[in-house]
Every structure is written in structure tokens, then in C-alpha cells.
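Take a look at the model below. This report goes through it in short steps, from single residues to the place where two chains meet.

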Amino acid sequence: MTTTTSEHQHDDHSHDDGHHEHHIPKGIKRWLYTTNHKDIGTLYLWFAFIMFLIGGAMAMVIRAELFQPGLQIVDPNFFNQMTTVHGLIMVFGAVMPAFTGLANWLVPMMIGAPDMALPRMNNWSFWILPFAFLILLSSLFMEGGGPAFGWTFYAPLSTTYSNDTTALFVFSVHIMGASSIMGAINVIVTIFNMRAPGMTWMKMPLFVWTWLITAFLLIAVMPVLAGAVTMVLTDKFFGTSFFDAAGGGDPVMFQHIFWFFGHPEVYIMILPAFGIISQIVPTFSRKPLFGYASMVYATTSIALLSFIVWAHHMFTTGMPVAAEMFFMLATMLISVPTGVKVFNWVATMWRGSISYEVPMLFALAFIVLFTIGGLSGLMLAIVPVDFQYHDTYFVVAHFHYVLVTGAIFSIMAAVYYWLPKWTGKMFDITLAKWHFWCSLVSVNVLFFPMHFVGLAGMPRRIPDYALQFADFNKWISLGGFAFGLSQLIFLALLIKACRKKGEPVSAQVWEGAEGLEWEIPSPAPYHTFETPPVVK
Amino acid sequence: MSQKEYEKYYVPAQSPWPFMGACALFLIAFGAGNFVVEITRGKEGYGGMILLLGLVTLVIMLFGWFRNQIHESMSGMYSAQLGRSYRQGMAWFIFSEVMFFAAFFGALFYARVISVPWLGGSSNNQMTNEVLWPTFQAIWPLIETPAGGKTEAMGWYGLPLLNTVILLVSSVTCHMAHVALEANKRKALKGWLALTVLLGAVFLFFQVEEYVHAYTEMGLTLQSGIYGNTFFMLTGFHGFHVTLGTLILLIMLFRVLKGHFTPENHFAFQAGSWYWHFVDVVWVILFFFVYIL
């Protein structure tokens, strides 16, 4: 779809050979003081992966406790801390930073920019994150323990009934939010202002489009989250009553404010995934993406609709019936643009010359399993049946299908797709296939039975359960342990790849890959497109 | 224009300031998280010290970072394209601030339209009222909470009206300063900018006076139920933003006095002026919904 003239490629080579003032710096300072989008992308991705392992370890604690009915291993308060911090880490520490890392690496290369628009701020937004999570994790070891009110920190659980380390939780969320907002501003300004000549809006790769819209959502809703945690702080420590009916407030108001942030947040974690899949499927089908323009419009409509569906998380709070109808119908409307996307991916593969390299395997798994998560979402959108599903394991099954087999599978697909471009070497394909198949089987053993126990009435966020759920929970836990272990294969593969083991790859890496990032050498030089390419 | 002459986008080399900024935010967040507990629970600790250290680090960082940036800008390293990046970045930052205020305005509207009337028994909530607080009357401003806390409502005339006029005038003077800068009338620029800073300071002075009046004479405090909560959180965060805006404009004034900025190249000034207009618009909305209605 986009091509550069060959002269410009030569231009690039001559630039790499020297005569610009800064070479690759050495040592720890390279990483602490870096302004290079590739370095910062790498930092984000490794940070996200480490957080994924820590959050995953917490999930293992949860599944070990739930392996059998009865209180087995940890005390209930610690169990609650595990569910809470697992959620917070996976959302804010793993999925979001991984996508930001991919944006850092890829957006400038895809649009022919020399770097992100605001490189110093880029460094700032990354380095806030390790500190924010240091604060959050350190609260686990303090008097009274860490946050135990669920990642959604509903009032009054987070106000009246929480311990004093809530203040640390509040301020760590504040600086995480500052990091996300700065990261999003950087992405948006880069895309608006740094596109190479000829890179018109409707020529941009879909990953760039989806990230543009994601960045808009981030800037719109992260400040609302900051407002919500601020009100929790003042309610808990300074005597306000935003979420206390005795003072004229309302605990349900917390849920409205939180989900006004929370629902767009859900799409912040899936729109970049849509972009990734829209890059990978055409490559391995050897066909251009079917319905490019409709993909752009569908992404935009999903983002806009995400602002008017938040109360579908709150159907059981006693809202007026008219409000329930509105939020139900608006929610169902989202399945239309989402359906357009799934249709387009399938239509791209239709009569394509498909090959099943590892990124394509993950992309195909994404399409099937994300669609399962989408369908259970449609079930949850129906008000009368949601009264049955609400707060059960059915909800847990739903959002893990869209987040693990959706967002995280797409991140893995992206890593396998672009890793050779980053390192210049092909990763260990045998290990990668082991990783894929082990993950695919175990993740379904882990999450699919949750639908059944949820429909049968097993509540979420409970360390103990009725005997009738015992068999399914045993299988769920076994699937969980297997999925956790499978990720160690990924860790081994990544370490091997970063030590630059493997066969050297060509600039294009994958037969059928198109776009500016495949026209620069592999590994991608430290500085690319210092002189913008001309896109035809 | 051949490719060789293409104006290069300035990508700064390594910089220590952002990492220092991250350390500063760490100290601020960790310090504040402990300090809040210490002051409200009467505990001993180092939270306040850590917070202060963080704030000092932040100020040093901002000073160093901006000094670098002013240096680069004045030695002509910046292109028009980079100027656009800065302007767009500032515009999106202001949009994020708008959404932060939106959260608190949302709380205000929710309380006024939904939670307070429902507590008073409106629509199908009659039993809520009768079972929980049968004597509670849903009126706004909520001068008596369901639990029985009493307060007085702040009127819109007097100080708030005067402050509205002051901020509106300051927005005009800020614009006049910008016009003077673009016309290269340095003397007028200094005058209008100094006047803007002065008006900002006067606004803050009256705001403090209003708070003292509310706390000492009216019994209107942050703890006075949802009316006091929304009143102080909205005006408080707004006042905090006015303080920041005044400081920014004051720094711009110092830079103008040192001969910085040209009619073509004055991003920092423009950003400060946008910020000031934004703070002004927030006040107008706030004056309307918090004080008048």
C-alpha cells in the first residue's frame, strides 16, 4: 500500500554510517536518559512483560486457593489483595504499557518519522511507571496490607471499609494516569504532525489509526479516573461525602464516575489489538486488508459509542428502567462495528494464500477467541439475563476472553511479528510453536469452564465456594497453572532473541509484509527516517 | 527543495531531566500517600518531608528542563514543525484538564439531579426517604444534609461576582499582551502582562478571603455534605489552577523583561496564555453552576 523510492532507502543507509552527533550511548545511562523511541519502546515492553509475570504469579495464588473448596492456602483478606492487585497490574502495568511500547517502536517507523514528537516527555512517561508500581506493590507489605477492594475500588469498600494504605493506592494511580496521558499526547501529536510527505490519513497503517483513536480515549478518560480516586481520597481522609448518602452523596455515583472512565478503558485495551490483527492477517494471507476504510470508521464508532455505554456495568444497582433500556441498546449497537471488523478479517483471508507462521497462529486464535468473548459480552448486555450473570464467574470468563485471548494474544502476535525487525534475527520457531499451542490449549481449559460455573451461580472475588463447583474449579486451576508455565517458554524465547541468537532476516522479514517499517534494514537502525521518505 | 535541504526535526540527545522528573513524582506520590495518613490519623512519620523533597526535586527538574529548552529555542534549533508539536501537545494537555474538571462537574450534576432528589423521595424512591431519613428535604443548595449537618449557602453577588469580573478582564488583558507581542510593541506587552498577573493575584486574594468567610462565619466547610464538597473541590481545584497559571504568566513576564520572545517565536507565552483562557472559561462555567443556579 505504501512504498518509498529506492533513493530514500539509500539515503537512510548513508545516515546510519555516521555523521550525526549522537551514537548509541552505553551503559545504564542509555536507558535512564534515553530519548530514542526504540529504546523507550523496548523499556515499555520489558516492563510490561515483568509486570505480566508478577500479575500472573498473583493469579496462580488465586487459582491455588480455588483449587479446592474451603479455605486452603491464604487468608481471605490476602486473597482479596491478590484479586485486586492482579487486576490493577494486568490492566495498568501489563496490557497498557505493552501497547504503548509497541506504539513507541512502530508508529514512528510506520509513518516515516525520525522519532516521537516529544522525545523527552516520552522518557518521562515511561520512567514514572516503575515507580508507580513500586508504590502499589510496596503497600502489600505494609501494615494492614495492600488494596483489597477489587481493581474497580467501589465505594464504600475503598472508603469506609478500606485500610490506610488506600492513600498510597490513590497517589500511585495518579502518577500512572499522568504517565498514560503524557504517552497518549505523544502518540497523538506524532501522528498528527510527523507523518512523512504523502502519508495521508487514509494511507496510514491500521495500527497507527487504532492507536490514534486509543490515544484520544486515554486523554479523555484518564483524568476522570484521577477525579474518581481524588474523591475516594477526600471521602476516606478528609470527611467529604461524595459517596455517602448521609451527606447527600451516593455510593452508586462512584460507579457512574468509575465506569465513565472504565468502559472507554476497556476499548483502550482492545483497539490497538484490532490494529495489530489488521496488520498481520493481510501479510500472511498475501492480500490487502479487506475494507480498509470501513475498518477506520468502525474503530471510530466503537470509540465514540464507548462513552455512552458505561452503565451496563451497573444494571443491578437499581437504575430506572428507561436508563437500563438505553444502556442495553447502546451496548448492543457496539456489536455492529465490531462485527464489521471480524467480517473484514475473515474476508481478507477469503481466497488468500494463507501460511501459518507464528504471528498468524496467534492472530487466528485472537479472531476466534475474541469473538467468543464478544458474544458473551452481548449476553451480558441483555438487562434481564444480566441480573443472573452479574458478579458471577460468567463475567470473569467474558473479560478474560477479551483481555487474555484478545489483548494479550494480540500483543504476543505483535511481538512475534515485529521481533525479527527489532533484533535482526529470526526467533526460535520451535519454542514459539510450543508457546502457542500450550497457551492455546491451557487458556481454554482455564477460562471456558468459568462460563459454566458462572451460569450455575458461582460468585466472583470469593476465596471459597459451594461443593457443586469443585470439579470445574479443579480443571480451571489446572488450566491456569499450565497457562502460567507456558509463559515461561515465552520468557526463554525472548531472552534468546535479545541475545541475538538465530538466523539473520531480510528487511522485509515476512513474504507479503508491506509498509514503511519493512523497507528499513533489519535490525532497524538506532535512528530511522531522519530524512522523511516520500510515500507514494 | 531537495531532500538534503529538508529542515530536520530536532530530536534531543539524552537528557537527565525526565528521569529526575519521574523520581520527583515518586517522592511526591509516596510522600503524599504517607503524609495524608499522618495528618488525618495523628501519626508520626516522614511523609511530609518526603513530599517536600519531591516538590523541590520537581521544581529543580522543571527549571533545568525548561532552561535547556529555552536555550535550544533561542539558538534556532527549532523548526516550525516542532513548534506545531508543542502547540498540539499543549492543546491536548488542556483537553485532559477539561476532562478532570468534567469529573467534578459530573459529581455536582449527579448530586443535584439524581442523588439529592432521590434521597428526598422523588420518582420511585419514596421508601428510601421514609425508611432512611424521613425528615430530609431535597433542596439545593443542600444546607441540611440527610444526617442533619447544617450549613449556609454561598451567594453569587459580592466577592464571587467581583472575582468573575476580575478573571474576565484578565482574560482580555492577557489577549492584549499577546496582540502587543505579535505587533512587537514590547512596552505595551510588559504593561498588559503585568496587569494580567496582578489581576490573577487579586483573584486569589479574594478567593482566600471568601474561604475564610465561609469557614469562620458561615459554617460552610469541606465536610458540609455534598454541597460543601462540590463547592470546595471545584473552586479549590480551580484556585489551584489559577495559582499555576499566575506563576506561569509571572515567569513569562520575567522572560519578557529579559528580552525573550519574538513576534514569530513565542510558544511558551502562547501556551501560558491558552492556559489562562482555559482557567477563565472553567470559572465562568463554575460561577454559573456552583454559585448562581
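B:Asn184 is found in the loop between α5 and α6 (186-218) of chain B. Helices here are DSSP runs of H or I with at least four residues, strands are runs of E with at least two, and both are numbered from the N terminus. Phi of B:Asn184 is near 60°, a positive value in a residue other than glycine. Most residues other than glycine have a negative phi, and most peptide bonds are trans. Buried means under 20% relative accessible area, exposed means over 50%, and partly exposed is in between (1.4 Å probe, protein chains only).

This is a predicted model: local features need pLDDT of at least 70, side-chain atom pairs count only at pLDDT 80 or more, and totals for chains, interfaces and linings use all residues. Residues are numbered from 1 along each chain as its sequence is written, chains are lettered from A and ligands numbered from 1 in the order in which they are written, and side-chain values use heavy atoms, with hydrogens and water left out.

A:Lys500 sits in the segment after α16 of chain A. Its relative accessible area is 43%, so A:Lys500 is partly exposed.

Now the peptide bonds. Where is A:Pro156? A:Pro156 is in the loop between α5 and α6 of chain A. The bond from A:Ala155 to A:Pro156 is cis, with omega near 5°. In chain B, the bond from B:Trp140 to B:Pro141 is cis, with omega near 0°. B:Pro141 lies in the loop between α4 (126-132) and α5 (159-182) of chain B.

## Domains and a helix of chain B

The domain assignment of chain B gives domain 1 (13-71) and domain 2 (145-292). Such bounds come from an automatic or database domain assignment. The C-alpha centres of domain 1 and domain 2 of chain B lie 25 Å apart.

B:Val98 lies in helix α3 (residues 80-119) of chain B. With 38% relative accessibility, B:Val98 counts as partly exposed. B:Val98 and B:Leu244 are 146 residues apart along the chain, and their C-alpha atoms are separated by 15 Å.

A salt bridge is a side-chain nitrogen of Lys or Arg within 4 Å of a carboxyl oxygen of Asp or Glu. How many are there over all chains? The count comes to nine.

One of them joins the side chains of A:Arg286 and A:Glu511, at 2.6 Å from N to O. A:Arg286 lies in the loop between α9 (271-285) and α10 (292-305) of chain A, and A:Glu511 lies in the segment after α16 (470-498), so the pair ties together parts 225 residues apart in sequence. A:Arg286 is partly exposed at 29%, while A:Glu511 is exposed at 55%.

A:Arg460 forms a salt bridge with A:Asp391, with the closest N and O atoms 3.9 Å apart. A:Arg460 lies in the loop between α15 (429-455) and α16, and A:Asp391 in the loop between α13 (383-389) and α14 (393-423), so this pair ties together parts 69 residues apart in sequence. A:Arg460 counts as buried, at 17% relative accessibility. A:Asp391 is partly exposed, at 39%.

## Where chain A meets chain B

Contact means heavy atoms within 4.5 Å. By this rule, 74 residues of chain A are in contact with 71 residues of chain B. The two chains bury about 6100 Å² between them, 71% of it on carbon and sulfur atoms. Buried area is the accessible area (1.4 Å probe) that two parts lose on being put together, summed over both.

The interface of chain A and chain B holds three salt bridges. B:Lys43 forms a salt bridge with A:Asp164, with the closest N and O atoms 4.0 Å apart. This pair crosses between chains, from the loop between α1 (17-41) and α2 (47-74) of chain B to the loop between α5 and α6 of chain A. B:Lys43 is partly exposed, at 43%. A:Asp164, A:Lys236, B:Arg41 and B:Lys43 are linked in a network of salt bridges.
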